[in-house]
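I opened this model to look up a few packing details.

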Amino acid sequence: MPSGTSRVTGKPSKAAKHPPRVYCPVCPDWEIKLPDRCSNTLKHGERTLYFCTKRCKERYMKNPEKFAKP
Ligand SMILES: [Zn+2]
């Protein structure tokens, strides 16, 4: 067993710098890996929604309530 630094306090160290994951609202399994480069976006109040395809965006726009999260 290696001795030395033992700073295991149970506290998670500083959160990694991962941005929050973004998923397509129409197909929630689909992660938008590069939201910055996603061209299928829709402003929704202060949020921006990202869609994996233009079709998803169109589907969402036709029926936003169906996909809106509570
Ligand atoms: Zn989608």
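These entries cover a helix, a core and a proline, in that order.

**Helix H1.** I am working from a predicted model. I began with H1, which spans residues 54–62. Which of its residues are buried? I found Cys 56, Lys 57 and Tyr 60. I then looked down the axis of H1: the buried residues fall within an arc of 100 degrees, so they line one face of the helix. I noted the general rule that an α-helix has 3.6 residues a turn, so residues three or four places apart point the same way. Next I checked the face of H1 turned away from the buried side. Lys 54, Arg 55 and Lys 62 are the exposed residues there. What do the buried residues of H1 pack against? I traced them to strand S3 (41–44) and to H2.

**Core.** I looked up the largest nonpolar core and counted 6 residues. Its members are Cys 24, Leu 49, Tyr 50, Phe 51, Cys 56 and Tyr 60. Strand S4 (47–50) and H1 each supply at least two residues of this core. I then took Cys 24 and set aside its neighbours within four places in sequence. Its contacts include Tyr 50, Phe 51 and Cys 56. Trp 30, Ile 32 and Cys 52 are also in contact with Cys 24.

**Pro 64.** I placed Pro 64 in helix H2, residues 64–67. Pro 64 counts as partly exposed because it has 13 C-beta neighbours inside 10 Å; the buried class needs 20 or more. Last, I checked Pro 64 against Val 26. They are 38 residues apart in sequence, yet 9.4 Å apart in space, C-alpha to C-alpha.

Note on methods: Residues are numbered from 1 along each chain as its sequence is written. This is a predicted model: local features need pLDDT of at least 70, side-chain atom pairs count only at pLDDT 80 or more; totals for chains, interfaces and linings use all residues. Helices (H or I, at least four residues) and strands (E, at least two) are DSSP runs, numbered from the N terminus. A residue is buried if 20 or more other C-beta atoms lie within 10 Å of its own, exposed if 12 or fewer, and partly exposed in between; C-beta atoms are placed from the backbone. The arc is that of the directions from the helix axis to the C-beta atoms. Two residues are in contact if their C-beta atoms, placed from the backbone, lie within 7 Å. A nonpolar core is a set of buried Ala, Val, Leu, Ile, Met, Phe, Trp, Tyr and Cys residues joined through C-beta atoms within 7 Å.
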